[in-house]
Amino acid sequence: MTGTSTSGAPVAGSPGAGDAPGRVVLLTASHRVAPGLLSWPAWRTLHAADRVLCADDAHPQLPYLREAGVAVEIAAPTARELVDACAGGRTVVVVAGGEGDGALTDGLARMAGSGRVAMPDLELLPGSYDLPGARLLDLVEVMDRIRRECPWSSRQTHEGLAKYGIEEAYELVEAIEDGDRDELREELGDVLLQVVFHARIAEEHEEEPFSVDDVAATIVEKLIHRHPHVFGEERAETPEEVKAHWLRTKAIEKRRTSVTDGVPLGQPGLALAAKLASRVRTAGLDVAPPAGEGIGYELLALAVRAEAAGVDPEAALRAAGRAYRDAIRAAEGPGAPDTVEG
């Protein structure tokens, strides 16, 4: 065989014993897994192979393969050259690049489809697999590049992005209420983007920087601490017992002096009223809604009543609002204008 490597060295096949077609193994590895962390079948195949080829002399796996005693040749054979190299029953492993080796695999497929070539056994061997959540690493990498290179994103601040976080949260709620699975997946991604974006901005703070890993570590620690029935020796057999654990540990963590501490006053009015009523009920306090004149006090009383009945007044009003919107559209008829002035 007369192929040439990327370093200029020939990729020569040695004559084998007999006409056994041999074996080609295309070894892949996830770039989201640390180099060198390969499966046992991958290591076993690498050590047993007659030759190991890699077209990229900067491939991240190479230092670890060589440290493990695997001789790797820097070579980029054609499909024909690779088939010839397997003659005589030889096994040749090709360490695939990060983008794959499309030209090589396409060439092998054409040769196999021609029916004129005695093909070696072709095997795709994943050396490592993505773990659950691995694509989050891609998101962090993409966000980092956008922050550095995008004229708009590079200038954003926590304050400037705040409104988008609110908008995306509302769009997520709308997708849930609509029952649209595609929209739900997309809106969850938009909310996740807000988290990653803010965390990336936070890395640049001169005095108190933190990263998305710090954000994740904080919530992991919180979840473990607030679930002693899962990660500790506490027991909880019912949702009510779980909630009691949660509230107890949360109270210790926050060291709050009032049941109203931590209730954001900037949330929608009905949601605020229901949250305050929930805190009162959970704490066992006897605090009646204040009496007063006007629609605000009437709405407050309705929200408290709804919370006591297990109804989310904000969601209930949105559902009624949707029905009202549908009625308006029906009344407008098919000839209604597309827009109206506010």
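Helices here are DSSP runs of H or I with at least four residues, numbered from the N terminus. The model is a predicted one, so local features need pLDDT of at least 70 and side-chain atom pairs count only at pLDDT 80 or more, while totals for chains, interfaces and linings use all residues. Residues are numbered from 1 along each chain as its sequence is written, and side-chain values use heavy atoms, with hydrogens and water left out.

Helix α8 brings the largest share, 4 residues, and both α8 (212-225) and α9 (228-231) supply at least two. I219, found in α8, is partly exposed at 40% relative accessible area (partly exposed lies between buried, under 20%, and exposed, over 50%).

As for open space, the largest pocket has a volume of about 420 Å³. A pocket is an open set of points on a 1 Å grid with protein on both sides within 12 Å along at least five of seven lines, and lining residues have an atom within 4 Å of a point. The lining counts 15 residues, with L247, K250, R256, R279 and T282 nearest the centre. Helices α10 (239-254) and α11 (269-283) each give two or more of the lining residues, and α10 gives the most, 6.

Note on methods
Buried means under 20% relative accessible area, exposed over 50%, partly exposed in between (1.4 Å probe, protein chains only). On a 1 Å grid over the protein atoms alone, a cavity is a set of points where a 1.4 Å probe fits but cannot get out, and a pocket is an open set with protein on both sides within 12 Å along at least five of seven lines; lining residues have an atom within 4 Å of a point. Grid points are joined across faces, edges and corners, and a volume is the space filled by probe spheres set on the points.
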